[in-house]
Amino acid sequence: MAIARDASEIAPPIEQAPARPTGRLLRRYAPIGIGIVLAVAMIVIAAAAPLIAPLSPSAQYSDAVLKGPGFMDRHALGTDEFGRDIYSRIIWGTRISLQVGLASVIFGFAIGVPLGILAGVQGGRCETSIMRCADMLMAFPTLLLALIIVTALGGTLVNEIIAIGIALTPNFVRLARSLALQIREQDYIMAARSIGSSQLRVMARHVFPNALYALVVVATLYIATAIRTEASLSFLGLGIPPPTPSWGNILSEGRQYIKCCPWITTFSGVAIMMAVLAFNLMGDALRDLLDPRLKGE
Amino acid sequence: MKLVKGANLAYSLAHLNRSPEFLMLDAYAKEGKPMPKRFRFALLAAVLAVFTFALVAGPPPAEAQKKILNVAAKEPETLDPHTSILGQSQAIYRWMYRGLTRFAIRDGKVTTAEVDPDLAESWTLSPDGTVWTFKLKKGVQFHKNFGELTAEDVKFSFERQLQKTPGTRFGVNLEVIKAIEVVDKHTVQIALKAFDPIFLLRMVGYQQGYIVSKKAATDHEKFKWNPIGTGPFYFERHSPREKLVLKAFDTYHAGRPQIDEVHWFDVPEDATKLIGLEKGTFDVLYPEAVTADVADQVKKMGAVIDRRGPGGQERFYVDMTAKPFDDIRVRRAFMHAIDRKAIKETMYPGGLARLASSCVPPGYFGHIPMNFPEHDLEKAKKLLAEAGHPNGFTVKNYFISKSFFYPKVLTLAQEQLRKAGIIVEMQIVEHATYHENIRKNLNPFVLYGGTRITDADPWLSLFFDSTQIPDPGTGNKGTNFAHYKNIDDLLKAGRVERDVKKRASIYAEAQKRMEKDLVCLPISDVPSQWPRNPKRVSTPFDPEYGEYALHYSYNYPEMLKIISAK
């Protein structure tokens, strides 16, 4: 029995065919493309809801209660228990989801990032106190924390934004702190300090801009989390009160008709899924593009 | 066979510690030696055998043969029958409690207008019509060996409500009583302040009429979940958020029910209830509302709906003291803005309910049809402008229950009111919180539904008598949400009037005044409806209004029968 002496005897070397540039580009940019298209579509739908929606989202048609979808009919995606047009409600619901998704992330970003950078750069008791507060908030799952806050404040759009924003804040604090800890050791920070830059200037002009890329990537991913949390709160009946349509409350109202009229839950569920998918794809793609460790892959 | 096998195994296990093998194992353990391989295998085999037996054997035969009725409902908040006004709690009381009288069965149907004896054997009325003497049936037992029903228990049951024991809600229905005297162990005399034409209806086992055990209910708090009555089923156990178990009361005075156990599951969602009915998990459902889709699904799965009159009336009370509704033009605008027919047809199309025709529902003594402002948005806007609200107004923080018909009816009305310029900002809350909040006068108009003794007097007394105006300052938790005071004189006159025709005309006049003052807008008269699997459970009464029931449940649950095994 012949024994192969080296690997070359076992199998001939396979020549690595260079990946075709179009395939590579497609693989690299398709997710971000899909993400951007979906996200832009959402923004356009939200902004142009009064023009796009064929009917008022709260108009009730007693002659068409729980009517099934008919793409050529007045109610393309069917109606709910009050005879309200599901298509129009989903279009208007985009506004709520996007408003809550973006505003709560901005809220969490605006509070969490400065605190995180302060903790990372300042260190000491300041860091300990900020991080312990963040840990306390992190002890609660995002949905649970948002639920507690909304219950305490009441279910309005602003309160929902605040609640989800607070629930997301500790995530930004932790990330900003860990980035600040890395950045503060860089030579350019030492150089800035040596020419007499104040702590605030170092944080604002040097640490923050250098941490921004990573923070933006994570913020994009948290938009998806915020949209999902909003839908969950509405589903639990703690979100925007009726008759304002939100995807979560359409889903919740349709739940009891899931057997006879599945279109209510299906279409609102698909809308939530598409929105979450859009921002997740965008976040992942941004990370791939901006992460220096993944450069050249 | 299974039982024999089980007995053998139990015998073997019981005698294991005396067997030579066990003694050898014990010796090994004492000496600290490892267990021999054959013992390890034997032990493993024994453990496996026990598990296999447990999995394969199933319930013991006696358990399997039990006639268990599975009910899907909402968990009651308490089992003290005098303390809850919630329909979900009312539904279960009739299974456990009884009153001195009961609704009569005439020509195979139950009527809510006449009574038959129940815990009382007979009664007499003094010539002046103010003293009732009830002879109790002898030998009627309370559940769980709490002894024989006596006149003391009857006295206690009514007095705890008259003395407004914390939590009791129906004392107002007994305020006609002046004194209760125990004549002997089985005779009780009830003196009234004045003649009461419907006193025997008040004594029906329903709300204020239920008789509880004095011995058990003296501790009011404990009694909430340790109920003792004389009904056909007794309370066995409660697993919160899961189920209550009731068991047949062997010594029930009218004969033991055929059903052995009732498993009362807490199933908040109607969709889940329906799936359970279709799959055979549940036999009877108490849904939140039987709307068209529920009725269709029940029909498709071959189940029936037991439809019972007179049912509940869903209606709006408009608080005539709350701004801006203190202006009659605003109240009229409110009523013009609401399209009652559209609400009724959306919620209960066709025969599922009737468009309400009066603030006193049909089927109640004294009912007459009333006229209400027709749906007219232009008139509504014009009236609002005249009242100083040309751009309408906003009702902030309007509370509404998340349960039953409440959020649905209000969502429908909200859109109609919006078109007239009345914006209602809704806050959805738990049902119990809703009941608390409307008694704190937090809503300027109140959506309410319910059923009462089928006579205009208790109905109007509860909802339109000035003594029932809720007031958080005094703790009055009455149900006159309109804060109405204009028919007090008529109600007083009606309570002492012995002539039937004159009584009817008094209540007709009351309805006319209410029509003029615009304090109540009834929407739908909805019968009580419970889907039932007819292949599993039978009732002697016709599904279509074979009985009239006020309990949100069957009048005679002991007459239900399990007709097939699962």
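Two residues are in contact if their C-beta atoms, placed from the backbone, lie within 7 Å. By this criterion, Glu148(B) touches Gly139(B), Val140(B) and Gln141(B), leaving aside residues up to four places away in sequence. The model is predicted: local features need pLDDT of at least 70, side-chain atom pairs count only at pLDDT 80 or more, and totals for chains, interfaces and linings use all residues. Residues are numbered from 1 along each chain as its sequence is written, while chains are lettered from A and ligands numbered from 1 in the order in which they are written.

Chain B has 19 helices and 20 strands. Helices (H or I, at least four residues) and strands (E, at least two) are DSSP runs, numbered from the N terminus. Of the 566 residues in chain B, 47% are buried. A residue is buried if 20 or more other C-beta atoms lie within 10 Å of its own, exposed if 12 or fewer, and partly exposed in between, with C-beta atoms placed from the backbone. Among contacts in chain B between residues at least 6 apart in sequence, 70% join residues at least 24 apart.

The two chains meet. Here 20 residues of chain A are in contact with 20 residues of chain B. On the chain A side, these residues comprise 10 nonpolar, 7 polar and 3 charged. Ala, Val, Leu, Ile, Met, Phe, Trp, Tyr, Cys and Pro count as nonpolar, Asp, Glu, Lys and Arg as charged, and the others, Gly among them, as polar.

Strand pairing comes next. Strands of a sheet pair through backbone hydrogen bonds, either parallel or antiparallel. Two strands pair if DSSP finds at least two bridges between them. Strand S2 (residues 101-106) and strand S3 (residues 109-117) of chain B pair in the antiparallel sense over 5 bridges. Arg102(B) has Asp116(B) in S3(B) as its bridge partner. S2(B) and S3(B) form a hairpin with 2 residues between them. In the turn, Asp107(B) has a positive phi of about 55 degrees.

Axes are lines fitted to C-alpha atoms, for helices over the stretch in contact, and angles run from 0 to 180 degrees between N-to-C directions. S4(B) and strand S5 (residues 131-136) of chain B run antiparallel, joined by 5 bridges. Within this pair, Ala120(B) stands opposite Leu136(B) in S5(B).

Glu181(B) is found in strand S6. Glu181(B) is partly exposed, with 13 other C-beta atoms within 10 Å. The C-alpha atoms of Glu181(B) and Ala151(B) are separated by 8.5 Å, although the residues are 30 apart along the chain. Glu148(B) lies in the loop between S5 and H6 of chain B. Glu148(B) is also partly exposed, with 15 other C-beta atoms within 10 Å.

In helix H17 (residues 456-464) of chain B, 8 of the 9 residues are buried, so the helix is largely enclosed by the rest of the structure. Among the buried residues are Trp459(B), Phe463(B) and Phe464(B). The cover includes helix H18 (488-496) and helix H19 (500-517) of chain B. The axes of H17(B) and H18(B) come within 10 Å and cross at roughly 150 degrees. H17(B) and H18(B) are therefore roughly antiparallel to each other. Angles under 35 degrees count as roughly parallel, over 145 as roughly antiparallel, 65 to 115 as roughly perpendicular and the rest as oblique. Asp457(B), Leu460(B) and Ser461(B) in H17(B) meet Leu491(B), Gly494(B) and Arg495(B) in H18(B). This contact has 2 nonpolar, 2 polar and 2 charged residues.
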